[in-house]
Amino acid sequence: MDETRDLGIALSGGGHRATAFALGSLLAVVDADLNRNTISVSSVSGGSIANAIAMTGPDFGQATASQFEEHIRPALVAVAERGLLLGGAPATRWYLRFTLGAAALGLVALVASFVVAVLDFTVAALIVLVIGVVLLVIAWVLLRQRSARVSAAIDDELLGGRRRTMADVANMDSSVHHVMCTTELQSGEPFYFTNRCVWNYRFGGSTSANGVHLADAVQASACVPGAFNPRRIRLADVGLSNLTIQAPGQPSKVIEHVVLDDGGTYDNMADEWEYGFDNRVENFAELRSVQSQRAGYLVVVNASAGWNTPQPIGNSGLALEIAGLMRAQGVQYDVSTAHRRRALYSKFTETGSQVHGVIIQISDNPYRLPQLFSSANNGRIDDRTRRADEAIKFLDDQGYTSAGWDDVVGRTRSVGTTLAPLGVEPTAELLEHGYVLTAVLLYVIDGKGTLSTIDRTRFRALCSTRAA
């Protein structure tokens, strides 16, 4: 057992906002040399995109800052300039245009067929009606491909276009266990894809290599309900056995597939992997062979900020129906995340707790916590107050101000949960925010890492095809 690897990192969901914020945090971990203490990186949704990027590069647990920067730069440029949807990604750009175009033309044709029929041109009305129905069927067939199309975009834009399978990543040298969480809809429990195994409480676990594409596992983790269709994967294809179930008085049924949805549906903070690790080992003894121990220190990178202000919803029609469904889903995510966050704070601070750590919260200003613990506020001097005072001076020396960070926080937390391109400036701000907040909080709370000079041009340069 490698006792030096006891740091776990959990990356939340939140679309490309979460991806950029998480990569900033991971970069700070690498700069502080804490990647060499990292035993696992767990993730959901947009955080799983960042996790997969880290998984497919040089071994995250051994990489230098320059190696990690070089690897993540193409993905950050893609997030900023092309995105996966509603942007310039070739795998989805024309697909979306054809889908929306077919749907629009189909609806126009249906209306036109009605008008032509009223004018008593029966044959023409039938022809136009058939054309409209055919176009709508084409649009429906294309719409059902949206998850697969986004998987292709993930592979092409963010993972190097190598069509890696989970077996391929299992064969890569990695000192870190990379864990991506999806939600299995039949069992209502998490289903984990990792670079070493798969696991679900109901269906069991397997360490055998499987041929599921990495991009499909990532997309399943980011498969937002409604926006994407659930992914069905045969249990046999991931090394698991079919499950026979029987309700009282009912004939037995055999489940041959897992049905996977967004990991954030179950756990949008991705902390469950380490939080429930010991219990999981009791049900899956082989887990010890793929991760030697539970992380003793957990860094939770949460890019889910909730809502600052009320957001208006249309008052009628389809817009109201869709907005109501999406907003209800958002409330469920926010409420569950808030409860998990409070539980983690309690775990981290309670006397005798076996789990310690820090939450890197996108709604947080890097000055807030140092000011809270500063000697000026506490009237005492201990190791933490000294580190807090150092952090405040450090931030000032880098040219930051607390008021300036308030403005940055307002912008970063307001970036939408989207897979569209974010733009260079928002992506760079998210990257910098995740980086600075992680470096400062780890140092102030537990003295981890160091406060080193920050090259503020670095973040924009990592997100743009043009020099900063």
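**Entry 1**

I began with Tyr400, which is buried, as is Trp405. I take buried to mean under 20% relative accessible area, exposed to mean over 50%, and partly exposed to mean in between, with a 1.4 Å probe and protein chains only. I note that this is a predicted model, in which local features need pLDDT of at least 70 and side-chain atom pairs count only at pLDDT 80 or more, while totals for chains, interfaces and linings use all residues. Residues are numbered from 1 along each chain as its sequence is written, and side-chain values use heavy atoms, with hydrogens and water left out.

**Entry 1: the chain as a whole**

I looked up the secondary structure of the protein chain and found 18 helices and 12 strands; helices (H or I, at least four residues) and strands (E, at least two) are DSSP runs, numbered from the N terminus. Of the 468 residues in the protein chain, 50% count as buried. Among the contacts with a separation of 6 or more in the protein chain, 76% are between residues 24 or more positions apart, where contact means heavy atoms within 4.5 Å.

**Entry 2: aromatic pairs**

I found eight aromatic pairs in the structure. The planes of Trp94 and Phe98 stand at 40° with ring centres 6.4 Å apart, so I record this pair as tilted. For the rule, rings of Phe, Tyr and Trp (its six-membered ring) pair if their centres lie within 6.5 Å, and planes under 30 degrees apart count as stacked, over 60 as edge-to-face and the rest as tilted. Helix H4 (residues 90-118) holds both Trp94 and Phe98, four residues apart, about one turn of the helix. Trp94 counts as partly exposed because its relative accessibility is 46%, and Phe98, at 57%, counts as exposed. The rings of Tyr400 and Trp405 have centres 5.2 Å apart and planes at 45°, so that pair is tilted. I also noted a cluster in which ring pairs link Tyr192, Trp199, Trp273 and Phe277.

Next I checked for charges over rings, which requires NZ of Lys or CZ of Arg within 6 Å of the ring centre and within 35 degrees of the ring normal. Arg97 lies over the face of Trp94, 4.5 Å from the ring centre, and Lys448 has its charged end over the ring of Tyr297, at 4.5 Å from the centre of that ring.

How many of the six residues of strand S4 (residues 189-194) are buried? I found that six of the six are, which leaves S4 mostly covered. Strand S3 (residues 177-184) pairs with S4 in the antiparallel sense over six bridges, given that two strands pair if DSSP finds at least two bridges between them. Glu184 has Glu189 in S4 as its bridge partner. The hairpin of S3 and S4 has four residues between the strands, and in it Gly188 takes a positive phi near 70°. S4 and strand S5 (residues 198-200) run antiparallel and are joined by two bridges, forming a hairpin with three residues between them. Opposite Tyr192 stands Trp199 in S5.

**Entry 3: strands S11 and S12**

I then turned to strand S12 (residues 356-361), which is largely enclosed by the rest of the structure because five of its six residues are buried. Strand S11 (residues 297-302) pairs with S12 in the parallel sense over six bridges, and Val301 stands opposite Ile360 in S12.

Which residues of helix H16 (residues 402-412) are buried? I listed Trp405, Val408, Val409 and Thr412. They cover an arc of only 100° around the axis, which means that they are on the same side of H16; the arc is that of the directions from the helix axis to the C-beta atoms. The buried residues of H16 pack against helix H1 (15-31) and helix H17 (424-446).

In helix H1 I looked up Arg17, which counts as buried because its relative accessibility is 6%. Leaving aside neighbours within four places in sequence, the contacts of Arg17 include Ala303, Ser304, Ile362 and Thr412.

**Entry 4: Asn210**

I placed Asn210 in the loop between strand S6 (204-206) and helix H8 (214-221). At 7% relative accessibility Asn210 counts as buried. Not counting residues up to four places away in sequence, Asn210 touches Thr165, Met166, Ala167, Val198, Asp237 and Val238.
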